[in-house]
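I set out below what I looked up in this structure, entry by entry.

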Amino acid sequence: MSLQNECEMLQCIPLFRDVDQANCKLVAMSSDRLVYQAGDTVFTQNDKSDAVFFILNGRVKIVRQDDTTATEIAELESGSILGETAVLCGKARNATAIATDETTLLRIEACVFSELLEHLPKVTLGLARELANRVDATNARLHSVSAR
């Protein structure tokens, strides 16, 4: 795939929608494109957090395991970011990510992602919006559970 096509795919991701072409090319050149089949594990709970992932196409479910049960906590689709919480907090993965169908991911090393956030305020703001939307959705789910 050409660098131009990579940039076009990146700009379909909400966090990179407003990133200029030059910076978009830098992101594309410093990332890896990975393909997973349905049931493949992207990362496992308690793994070291060394990268963030963006879903270019397909879906990934996020599963949290405790001593006795596994609970699906989210299903993410194209344009979503995953693995950011562990990278931002400097902690191990707090859940397992599993592809639910053929899925193409963009993998960005943690150190590169941190530099992006430092130098591209629009990406930082987009990430803040994404995280706020997730908190809002979680609060709504908690409210609906507690109202039962």
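I began with the hairpin that E4 and E5 form, with 4 residues between them. Strand E4 covers residues 59–65 and strand E5 residues 70–77, and the two pair in the antiparallel sense over 7 bridges. I took strands as DSSP runs of E (at least two residues) and helices as runs of H or I (at least four), numbered from the N terminus; two strands pair if DSSP finds at least two bridges between them. I noted that Val-60 has Leu-76 in E5 as its bridge partner.

The model is predicted: local features need pLDDT of at least 70 and side-chain atom pairs pLDDT 80 or more, while totals for chains, interfaces and linings use all residues. Residues are numbered from 1 along each chain as its sequence is written, and side-chain values use heavy atoms, without hydrogens and water.

I next looked up Thr-96, which lies in strand E7 (residues 96–99). Thr-96 counts as buried because its relative accessibility is 14%, the cut-off being under 20% relative accessible area (1.4 Å probe, protein chains only). A polar atom of its side chain lies 2.9 Å from the backbone nitrogen of Gln-45.

I then turned to the nonpolar cores, sets of buried Ala, Val, Leu, Ile, Met, Phe, Trp, Tyr and Cys residues joined through side-chain atoms within 4.5 Å. The largest has 23 residues, and Leu-10, Leu-15, Phe-16, Phe-54, Ile-108 and Phe-113 touch the most other members. Helix H4 (110–119) is one of the elements that supply at least two residues each; H4 gives the largest share, 4 residues. A second, separate core of 14 residues includes Phe-43, Val-60, Leu-76 and Ala-99.

Key. Buried means under 20% relative accessible area, exposed over 50%, partly exposed in between (1.4 Å probe, protein chains only). A polar contact is a pair of N or O atoms within 3.5 Å; within protein, one must be able to donate a hydrogen and the other to accept it, and residues adjacent in sequence count only if both atoms are side-chain atoms.
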